[in-house]
Amino acid sequence: MSYPKVSSTTQSTKENHGEIRTLRCSCCGESTQGRQWKYRDYGYGLCSKCVTYIKNHKPFGQPAMSESEFIECYGIEGIHYNV
Ligand SMILES: [Zn+2]
């Protein structure tokens, strides 16, 4: 029996999301490289600096975002941000 390699699965996922492009960070407004995430405004993404910030801070007294909430808002690490 053979199973698909993880790397080939990752590769096809990346291809489905299109090319890396320059996006504006929706948090700080700086230019960053990433892929458009379907739930983000067109042309907006998240820079690596703000990924760390958002993951480690509790906005407006709310609990920190869970992994699934973060994916819903900003996409998948290595595909939509931190590419
Ligand atoms: Zn930013």
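Which residue in E2 is the bridge partner of Arg-24? In this predicted model, the partner is Ser-31. The pair belongs to the contact between strand E1, which covers residues 21-25, and E2; these strands run antiparallel and are joined by four bridges.

The two strands form part of an open three-stranded sheet with mixed pairing, in which the order is E2-E1-E3. Overall, the protein chain contains three helices and three strands, arranged along the sequence as α-β-β-β-α-α.

Of the 83 residues in the protein chain, 16% count as buried. The largest nonpolar core consists of six residues, namely Trp-37, Leu-46, Cys-47, Cys-50, Tyr-74 and Tyr-81. In soluble globular proteins, nonpolar side chains tend to be buried together. When residues up to four places away in sequence are left out, Leu-46 touches Cys-25, Ser-26, Cys-27, Gly-34, Val-51, Tyr-74 and Tyr-81. Among contacts in the protein chain with a separation of 6 or more, 37% are between residues 24 or more positions apart.

Asn-82 lies in the segment that follows helix H3 (67-74). Although Asn-82 is not a glycine, its phi is positive, at about 55 degrees. Asn-82 has 17 other C-beta atoms within 10 Å and is therefore partly exposed, since a buried residue would need 20 or more and an exposed one 12 or fewer.

How values were computed. Residues are numbered from 1 along each chain as its sequence is written. This is a predicted model: local features need pLDDT of at least 70, side-chain atom pairs count only at pLDDT 80 or more; totals for chains, interfaces and linings use all residues. Two strands pair if DSSP finds at least two bridges between them. A nonpolar core is a set of buried Ala, Val, Leu, Ile, Met, Phe, Trp, Tyr and Cys residues joined through C-beta atoms within 7 Å. Two residues are in contact if their C-beta atoms, placed from the backbone, lie within 7 Å.
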